[in-house]
Amino acid sequence: MWMISGQNQSWVSEFILLGFSSDPTTNSILFIVFLLIYLSSVMGNGLIILLICLDSHLHTPMYFFLCILAMLDMGCVTTTMPQMLVHLLAHSQSISYAGCWLQMYVFGGLVTTECTLFVVMAYDRYVAICYPLHYTVILNWGLCIRLTAGSLVCGFLSALLHTFFTMSLPYCGPNRVNHYFCEGPAVRNLACMDTHLIEMVDLVLSVFMSLIPISLIVTSYIHIAKAILKIKSTQARCKAFSTCTSHLTVVSFFYGPASYIYMRPNSSYSPERDKQVSLFYNAFTALLNPVVYSLRNKDIKRAFLKAMGHGRMN
């Protein structure tokens, strides 16, 4: 459990993830519930990816970005939930220091990439509605790939800074993390030194990766709303609004809980509440995204029915 440094100071070599309950019966019930949520999230997002890849009518920038979002959602839940499921049934809830470092970095990278991707998706809707005749010229495949790559670089670079600052703190005991995975604020709470400076650095990173994207999304939709209101046809106006509602719904589900976790001061840290909020923007958002996009999207429904039709014919 302990690793001794050269200066006669003890450093933790592993963390204990306390999870949601210590009661075996409760954990068994939670295992079934979370297993269903995880499998539904993976299958739902996997289906979105499969339909977009198979149907040539969905080979557009909007669905390309939706495919990337589905991949990120699958990555987020797979980074945290399988380990949580194992811990719900196992006697040991430990995770190595290196494992905690890696989990924090990968999860943070995926989540922060989503933050940036939502801005890209808002820009996609802005170009589609405000400049419909130039949509495919402006958002060509080269730009789509560069925007996606830029989102990944920004996300994982920001996560690297967040993880480095958090895990470079001295952890000399205790090592019991009151969470179901290694999330930065929960781990940082165990540091055996004043974390005020690190919190300030983390807050700056969070503001940069949360408030700026939110501001850009709001600005995009202000321009979109102005353009839609100029449309004379009521049917065309409703169709334009409907293409944006799914994105706005998903953004609201994601940004609210994520901003709360990473932008509130450490003094307001509440382990039980934070676990619930993290579970929502991690697991439930990944579960709801395919539902939101498939229920409100005729193209996805058409692609699904087409795929099912081909399956019956074969």
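In which sense do strand E3 and strand E4 pair, and over how many bridges? Strand E3, residues 14-17, and strand E4, residues 94-96, pair in the antiparallel sense, over 3 bridges. Pairing here needs at least two bridges found by DSSP between the two strands. Before going on, a word on the source: this is a predicted model, in which local features need pLDDT of at least 70 and side-chain atom pairs count only at pLDDT 80 or more, while totals for chains, interfaces and linings use all residues. Residues are numbered from 1 along each chain as its sequence is written, and side-chain values use heavy atoms, with hydrogens and water left out.

The element names come from DSSP runs numbered from the N terminus, with helices being H or I of at least four residues and strands being E of at least two.

Back to the sheet. Put together, 3 strands form an open sheet in the order E4-E3-E5, with mixed pairing. E4 and E5 are the edge strands, each pairing on one side only.

Now the helices, starting with H3. Helix H3 runs over residues 97-130. It has 34 residues and spans 49 Å from first C-alpha to last, close to the 50 Å expected at 1.5 Å a residue. That expected span is 1.5 Å times one less than the number of residues. Of the 34 residues of H3, 25 are buried, so this helix is largely enclosed by the rest of the structure. Buried means under 20% relative accessible area, exposed means over 50%, and partly exposed is in between, with a 1.4 Å probe and protein chains only.

Gln-103 is buried, at a relative accessible area of 6%. What does the side chain of Gln-103 reach? It reaches the backbone oxygen of Thr-79, at 3.1 Å. For a polar contact, the pair of N or O atoms must be within 3.5 Å; within protein, one must be able to donate a hydrogen and the other to accept it, and residues adjacent in sequence count only if both atoms are side-chain atoms.

Next, H5, residues 141-167, which packs against H3 at an angle of about 145°, the axes being 7 Å apart. The axes are lines fitted to C-alpha atoms, for helices over the stretch in contact, and the angles run from 0 to 180 degrees between N-to-C directions. The residues of this contact divide into 18 nonpolar, 11 polar and no charged. Nonpolar covers Ala, Val, Leu, Ile, Met, Phe, Trp, Tyr, Cys and Pro; charged covers Asp, Glu, Lys and Arg; the others, Gly among them, are polar.

H5 has 27 residues and reaches 38 Å from its first C-alpha to its last, close to the expected 39 Å. At its start, a side-chain oxygen of Asn-140 comes to within 3.1 Å of the backbone nitrogen of Gly-142. The buried residues of H5 include Leu-143, Cys-144, Gly-155, Ser-158 and His-162.

Ser-206 is in helix H7, residues 196-229, and is buried at 8% relative accessible area. Its C-alpha is 8.9 Å from that of Ser-158, 48 residues away along the chain.

Asp-73 is in helix H2, residues 61-89, and is buried at 3%. The C-alpha atoms of Asp-73 and Ala-283 are 8.5 Å apart, although 210 residues separate them along the chain.

Last, Asn-45 in helix H1, residues 24-54. Asn-45 is buried, with a relative accessible area of 2%. A polar atom of the Asn-45 side chain lies 2.8 Å from the backbone oxygen of Ser-41.
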